[in-house]
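Student: I am new to this structure and would like a close look at a single part. Could you walk me through the aromatic rings and their surroundings?

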Amino acid sequence: MNTNSLTIPPETARHVLWAFDRDGGYQPGSFTQHLLQAFAHADMVNTAKLAQVYPDYAAAYIAASLDPDGIATLQRIAGAEAPLGCKCGDTAGPFDLQGRCEDCTEAAA
């Protein structure tokens, strides 16, 4: 599954953020809650099967669980009003598009 060309809708990002108990998320309906639980318990084969039917949820869930910047990316997509945070713990910002604070951006350069 190629998630690089997939657009994750803001609502999907908010649902996945809720599943990970992160700022910017909100509780989805019961079906979507069960779908997110299925992703949480699925092995790679079953994740791929779910992704065929729910590609946006698969991309968002995989980003949140495997990508170090996945949560920050989903928060940007969701338009989270709560402050984002860098992996170093900085919550004051400003942040670059990868969710890094100024110090971490400079260190990566």
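**The aromatic rings**

Tutor: Happy to! F20, F39 and Y61 form one aromatic cluster. Before we go further, this is a predicted model, in which local features need pLDDT of at least 70, side-chain atom pairs count only at pLDDT 80 or more, and totals for chains, interfaces and linings use all residues. Residues are numbered from 1 along each chain as its sequence is written, and side-chain values use heavy atoms, with hydrogens and water left out.

A search of the whole structure turns up three aromatic pairs. Rings of Phe, Tyr and Trp (its six-membered ring) pair if their centres lie within 6.5 Å; planes under 30 degrees apart count as stacked, over 60 as edge-to-face and the rest as tilted.

Let's start with F31 and Y54. Their ring centres are 6.2 Å apart and their planes meet at 50°, so this pair is tilted. The pair links distant parts of the chain, 23 residues apart: F31 sits in helix α2 (residues 30-41), while Y54 is in the loop between α3 (44-53) and α4 (55-66). Helices here (H or I, at least four residues) are DSSP runs, numbered from the N terminus. F31 is exposed, with a relative accessible area of 52%, whereas Y54 is partly exposed at 26%. For these words, buried means under 20% relative accessible area, exposed over 50%, and partly exposed in between (1.4 Å probe, protein chains only).

Now turn to F39 and Y61, an aromatic pair that is stacked, with 5.9 Å from centre to centre and 20° between the planes. F39 belongs to helix α2 and Y61 to helix α4, so the pair ties together parts that are 22 residues apart in sequence. F39 counts as buried, at 4% relative accessibility, and Y61 is buried too, with a relative accessible area of 13%.

Leaving aside residues up to four places away in sequence, Y54 touches F31, L35 and F39; contact means heavy atoms within 4.5 Å. So what separates Y54 from L35? The C-alpha atoms of these two residues are 9.1 Å apart, and they lie 19 residues apart along the chain.

A58 is buried, with a relative accessible area of 0%.

Conventions. Helices (H or I, at least four residues) and strands (E, at least two) are DSSP runs, numbered from the N terminus.
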